Amino acid sequence: MSQSQKRGVGFKTCGVFCTKFKFQTETRRSDKSSFFCKHSLNLVSVRNLTEMAQFGFENDVHSILKLDMPITNAPMARWQRKASSSNTSSLNTLSPGKSANVSLSSSKTPNKTPGKNKKTPSKMGGDRFIPTRNNKQMDVANFLLTKENEPADANPALSIESQKAWSVTLNGYNIEDAKILHLGGKPLNAPEGYQNNLKVLYSQVSTPASLKKTRYISSTPDKILDAPGLRNDFYLNLLDWSSRNVLAVALDNSVYLWDASQGDITLLVKMEREEDYICSLSWTKEGSYLAVGTSDCKVQLWDVENQKRLRSMTSHTARVSSLSWNDYILSSGSRSGHIHHHDVRVADHLISTLAGHSQEVCGLKWSPDGRYLASGGNDNLVCLWPRVQEGSSNSEGQLIRRLSEHQGAVKALAWCPWQSNILASGGGTSDRHIRIWNVNSGSCVSSLDTQSQVSSLVFAPNYKELVSAHGFAHHNVVIWKYPSLSKVSELNGHDGRVLSLVLSPDNTTVATVAGDETIRLWKSFEMDPVKKKAKEKLFSSASSVIHQSIR
């Protein structure tokens with residue numbers, strides 16, 4: 001190879017397209033100065049191109065290291081790959097004809113590890129919740145993160161209201177209230193019959209402010225009243241609270257009224273004979289009349305406003321220890337074990353006799369809807385009776401159910417005001433159990449051993465709780481959460497066994513009377529102001545059926 005040919009090859013190895021200069025050197029060897037000038041110009045242009053490429057590469061590296069904008073040439077994120085794969089699978093499902101354009105090599109060589117392409121079967125009602133995050137949420141998160149590092153604008157061009165309006169119009173919500181990570185979408189509903197004992201780990205609805213407040217239950221009574229001469233007899237019902245906020249209490253052979261609103265005390269009844277005493281009390285629904293059961297086998301009816309006895313009904317052969325109203329029907333339980341229904345509108349008042357107990361009927365309660373009468377006796381039985389049919393007279397009542405799981409006298413009875421088919425009953429010293437019954441099926445829903453004699457029960461609807469009064473051996477009042485029957489609080493203060501408890505008409509206070517001859521008022525169920533206001537709007541006074549004159 002000649003010297004000029006070697007020089008031409010050298011030009012090519014330098015990456016400069018100078019083939020035409022090869023011929024110029026062969027023909028015009030003398031003009032070396034012009035050739036080197038042109039070649040140097042080409043070298044300068046190559047150097048400039050190299051520097052520009054290096055500058056572009058540095059700019060790319062710098063922009064990547066800033067991390068303030070998305071990386072365009074980076075691999076796709078996992079959530080983006082999942083979204084694209086799901087979209088691709090859905091398109092393939094909708095267009096099955098396009099799936100035939102698959103290469104032969106892909107069908108032979110698996111692109112995934114065998115066994116990893118199996119998806120875990122989804123379970124309805126599981127305890128996992130996978131949130132949905134879309135591109136818009138990521139953009140909002142990026143904006144909120146970068147906004148924190150920006151200086152505050154001293155003179156904003158738009159007011160806060162205008163910014164909020166623009167944000168709602170553009171995004172559908174106020175960007176100032178947005179969260180960096182927002183869980184969207186609702187969880188799947190569990191199938192019918194599915195039970196999950198795990199606690200709820202998330203919630204779509206924020207907890208109301210009223211529920212976040214800690215409830216305070218005072219351990220001391222709000223008021224204490226003296227009750228001298230009170231008979232310490234487990235089987236008697238000596239306390240009742242009217243819908244007009246008047247508390248009636250029987251002290252030996254007298255009945256006193258205490259106006260809880262004004263604080264006035266009135267003597268209403270005093271027995272004529274010193275050996276006689278009051279056994280039971282019961283207010284009518286509207287609070288105008290008071291029924292009084294006595295030891296001389298009579299049931300008296302009193303007009304409280306006029307302080308006048310309207311009538312005295314005689315039908316029992318033993319003391320009347322329990323009373324309960326159902327509209328114009330007054331039911332009375334006696335030590336003989338009989339229950340009498342009295343129609344107080346007519347002269348011939350006795351319309352039905354129920355014989356289901358062999359010993360004293362010490363507990364008697366009509367259900368709130370008036371369908372059933374529950375009776376408890378010293379024979380350890382709980383009996384369920386139907387309502388009195390219109391026009392019935394001197395007929396024997398038909399027993400619906402007889403519940404015999406208690407091992408002691410059943411005086412404490414209470415109907416659930418928000419579940420009409422639920423009855424609570426409490427046993428005496430040899431039983432000490434609270435039992436919850438479903439009267440439709442006759443089954444015992446739950447049972448609790450209180451380790452103490454149960455003398456009285458009442459449901460507190462404001463917090464859906466059950467309150468129990470106890471004799472030997474604790475002599476206290478206990479608040480239970482319904483239906484779990486978990487203990488909420490204990491109210492201690494009585495020195496003797498608690499005989500009875502009643503709930504105030506506003507359902508906020510419970511009054512207890514005990515063998516220590518005191519009446520204590522416990523204000524333990526005050527409602528939250530928000531709930532109280534809503535309840536007052538829906539409250540309407542119930543009209544009583546008793547509009548006819550009582551003879």
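Trainee: What does Leu-290 touch in this predicted model?

Mentor: Leaving out residues up to four places away in sequence, Leu-290 touches a group including Ala-248, Val-255, Leu-257, Trp-283, Trp-302 and Val-304. Contact here means heavy atoms within 4.5 Å.

Trainee: And what makes a nonpolar core?

Mentor: The members are buried Ala, Val, Leu, Ile, Met, Phe, Trp, Tyr and Cys residues joined through side-chain atoms within 4.5 Å. The largest one has 34 residues, of which Leu-290 and Ile-519 touch the most other members. Strand S3 (residues 246–251) gives this core its largest share, 6 residues. Strands are DSSP runs of E, at least two residues, and helices are runs of H or I, at least four, numbered from the N terminus.

Trainee: Which residues does the second core include?

Mentor: Phe-459, Leu-466, Val-478 and Leu-485 are among its 16 residues, and this core is separate.

Trainee: Why is Leu-267 called partly exposed?

Mentor: Buried means under 20% relative accessible area, exposed over 50%, and partly exposed in between (1.4 Å probe, protein chains only). Leu-267 has 39%, so it counts as partly exposed. Leu-267 sits in strand S5 (residues 265–270).

Trainee: How much of the protein counts as buried?

Mentor: 38% of the 551 residues.

Trainee: What should I know about how the values were made?

Mentor: Residues are numbered from 1 along each chain as its sequence is written, and side-chain values use heavy atoms, with hydrogens and water left out. As the model is predicted, local features need pLDDT of at least 70 and side-chain atom pairs count only at pLDDT 80 or more, while totals for chains, interfaces and linings use all residues.
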